[in-house]
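Student: Please show me the model, and then let us go through a few of its features.

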Amino acid sequence: MTVYEELVARGLIAQVTDEKEIKELIDEGKAVFYIGFDPTADSLHVGHFMALCLMKRLQMAGNKPIALLGGGTAMIGDPSGRTDMRQMMTTETIAHNCECFKKQMSRFIDFSDGKALMVNNADWLMDLNYIEVLRDIGPHFSVNRMLTAECYKQRMERGLSFLEFNYMIMQSYDFLALFEKYGCNMQFGGDDQWSNMLGGTELIRRKLGKDAYAMTINLLLNSEGKKMGKTQSGAVWLDPNKTTPFEFFQYWRNVDDGDVIKCLKMLTFLPIEEIETMEAWEGSELNKAKEILGYELTKLVHGEEEAEKALAASKALFSGAGSLENMPTTELGADSFTDGAIDIISMLVVSGLAATRSEGRRAIEQGGVTVDGEKLTDIKKTFTAEELAGEGKIVKRGKKNFNRIISR
């Protein structure tokens, strides 16, 4: 199976401009490709995960990735998939976020010895002269055609600012700049970027009379067609200080049965033949597949040691086997207790399982809270410091959110 054929078998490829040429470049290790990452936060998240895995996979096959940090385009904001305008960020915030991205990307991509590049489009976009751009780039873009792009159509009714309207031109200019500076012949991105990517290939053809290629990868959607990577508390981050390795593991451990094989194919580096044998798994075997998924992805992002800890903590939670020490834990000091006891609603709030007391109360009344595996329905239930000593109590809200609460 060739590299390209494996991408197809794993369900990664959505759209391509010139399949024959792209297949040949990838299979022969001649692709110099880029994927853009706008630094809209101080950490990458699961939404970026598949792009990083693709970069790693293609680099292993001899191709050269370019990680493009959008220090310039982040000043504008991508309207793709948005119903409102992104919040404007300062240059200082963008620079800080870029530094955070650099550290995380190095876990996936080997930047040594010219095997990959990391560049920032602020280096060329921030110095552009407006009149020169209008004269040099503007004639190559049809407004009528731009308005038919999906990323703009969905915003036309709510209002599309002229600021955001320029995003496609900036992204297209990126491709042109990378083509000229580094010989970048291909752009990859999420399927929602298709229109922007076509703009780049067309600009290179019109300006330079040369061919460049684009390929989109399928978005990571669950069986309901919704983007994966969101939890009750927000995005699933790759930064361990924002989403702990255990929480990261548990996110994948708890994916729906119908999504586990797809995630194994798209995100892990397990042999495709091994994953295909799991397609017949049912019941407890499916849970094993989820454990494998969680372990492999946690190892990829946080390292083998953290993956082992997360696996042990998960087994301790669900089967009573393994170590509790790696489970998310809240330690209560003496000031947390009133007359030597703390009520269950306070426990939910202090552990982060509920944002407010009213939210915690509703969760209990709706039967969504358990303590050490037993459903709790009494909103006035209290626990003493002695009861929470030692290994403490495992408080669980819903199917996926839990915390071990102990007294110091």
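Tutor: A crossing of helices is left-handed if the near helix is turned anticlockwise from the far one by less than a right angle, and right-handed if clockwise. This is a predicted model, where local features need pLDDT of at least 70, side-chain atom pairs count only at pLDDT 80 or more, and totals for chains, interfaces and linings use all residues. Residues are numbered from 1 along each chain as its sequence is written, and side-chain values use heavy atoms, with hydrogens and water left out.

Student: At roughly what angle do the axes of α12 and α15 cross?

Tutor: Helices (H or I, at least four residues) and strands (E, at least two) are DSSP runs, numbered from the N terminus. Axes are lines fitted to C-alpha atoms, for helices over the stretch in contact (heavy atoms within 4.5 Å), and angles run from 0 to 180 degrees between N-to-C directions. The axes of α12 (residues 245–253) and α15 (residues 284–302) come within 8 Å, and they cross at roughly 145 degrees.

Student: Which hand does the crossing of α12 and α15 have?

Tutor: The contact includes Phe-248 and Trp-252 of α12 and Leu-293 and Leu-297 of α15. As α12 passes α15, the crossing is right-handed.

Student: Is Asp-339 buried or exposed?

Tutor: Asp-339 lies in the loop between β9 (329–332) and β10 (341–343). Buried means under 20% relative accessible area, exposed over 50%, and partly exposed in between (1.4 Å probe, protein chains only). Because its relative accessible area is 81%, Asp-339 counts as exposed.

Student: What is the relative accessible area of Gly-360?

Tutor: Gly-360 is found in helix α18 (residues 357–365). Gly-360 is buried, and its relative accessible area is 0%.
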